[in-house]
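User: I would like to learn how to read salt bridges and pockets in a structure. Could you take me through them step by step?

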Amino acid sequence: MKLDFSYLNLIRIKEIPGMVNGVTGVVKKYNPVTLGVKPFFDLLVEQESQLEPFSDPRVSHPLTPVIKDDRKRAKELAQAIVIQAKAVEKGKLPTVSEAAFMIVPLIKKYLYKIALNNSKSLDKSVKSFLAALKDNEALNNASTTTGIDQYVDELKLIYNRMDINTETRRADNAGRRMIKEKKLRGSILGALTNLLKAIDLAQVHNTAVDYTPVIAELNELFVPYRSLTRSRSTRNKNAEIKKQAAASSPTTTATAG
């Protein structure tokens, strides 16, 4: 009876922890010493302790507190705009009534409930508000007349900075994570493959031990992973066939009669 693990290089990063934990659990159950594979088992267990990056998507970055402080300040400025809009509306001064008529509905639409928003909703609301003002001379004049223009200007600066910092953080995290995960993936799958090969080889030499139960249990453990890789492979092949068919099919064009 043989182990089927030829598809290991096709499993995805997020699937590795479950597979490795399952394999070490099964081998430990049947005793790696009895199976004659303890050195290979120990190496995989050592690799298992490094699996956290595969399951923890959060990576600390020095720009995170900067982004957090900017978002807090943006919320304060948005709330200040709401307070000013309410004051202008309540004051009913003839000199600002026309400007208030233009700008206050926009503030109500995007900023009145800003205190209740989470960070994602906050960013969306404020950016929508700023987008509505952009290149609109009448609305920008109204913001100046109603006294919210300085808040608006600072919000623009903050969100420009936040966008740059967020993109920088995303790129940095992705790059570091990709390099680390690629290296870990290679070493972990290498240790896993070596352990499985050792079990296959041990059953040939160690005839006093019945390897049938452990191999049967490991193959059963691998069933969903084999199914996943096969279904992905089938989808990829079908997608490629459709792509090639679309590329090779003649384009229908209108022709003169």
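Analyst: Let us begin with one pair, bearing in mind that this is a predicted model. As a general idea, side chains of opposite charge can pair when their charged atoms come close. Here, Asp70 forms a salt bridge with Arg161, and their closest N and O atoms are 2.8 Å apart. Because Asp70 lies in helix H5 (residues 64-91) and Arg161 in helix H9 (residues 149-205), the pair ties together parts that are 91 residues apart in sequence.

User: Is Asp70 buried or exposed, and how does Arg161 count by its relative accessibility?

Analyst: Asp70 is buried, since its relative accessible area is 8% and the cut-off for buried is under 20%. Arg161, with a relative accessibility of 38%, counts as partly exposed.

User: How many salt bridges does a search of the whole structure find, and which residue forms one with Asp4?

Analyst: The search of the whole structure finds eleven salt bridges. Among them, Asp4 pairs with Arg226, with 3.6 Å between the closest N and O atoms. This pair links distant parts of the chain, as Asp4 sits in the segment before helix H1 (16-29) and Arg226 in helix H10 (residues 212-248), 222 residues apart. Asp4 is partly exposed at a relative accessible area of 27%, whereas Arg226 is buried at 13%.

User: Which side chain meets that of Lys108 in a salt bridge, and which residues are linked in a network?

Analyst: The side chain of Lys108 meets that of Glu89, at 3.0 Å from N to O. Lys108 belongs to helix H6 (residues 94-111) and Glu89 to helix H5, so that distant parts of the chain, 19 residues apart, are linked by the pair. Both ends are partly exposed, Lys108 with a relative accessible area of 39% and Glu89 with one of 36%. The network of salt bridges, in turn, links Arg73, Glu76 and Glu154.

User: Turning to pockets, how much space lies in the largest pocket, and which residues line it?

Analyst: The largest pocket holds about 190 Å³ of space, and its lining is made up of Lys127, Leu130, Ala131, Lys134, Lys156, Tyr159, Asn160 and Asp163. Helix H7 (119-133) and H9 are the elements that each give two or more residues to this lining, and the largest share, four residues, comes from H9.

Methods
Residues numbered from 1 in each chain as written. Predicted model: local features only at pLDDT ≥ 70, side-chain atom pairs only at ≥ 80, totals over all residues. Heavy atoms only, no water. Salt bridge = Lys/Arg side-chain N within 4 Å of Asp/Glu carboxyl O. Buried < 20%, exposed > 50% of the residue type's maximum accessible area, 1.4 Å probe, protein only. 1 Å grid on protein atoms, 1.4 Å probe; cavity = no way out; pocket = protein on both sides within 12 Å on 5 of 7 lines; lining within 4 Å. Points joined across faces, edges and corners; volume = space filled by probe spheres on them.
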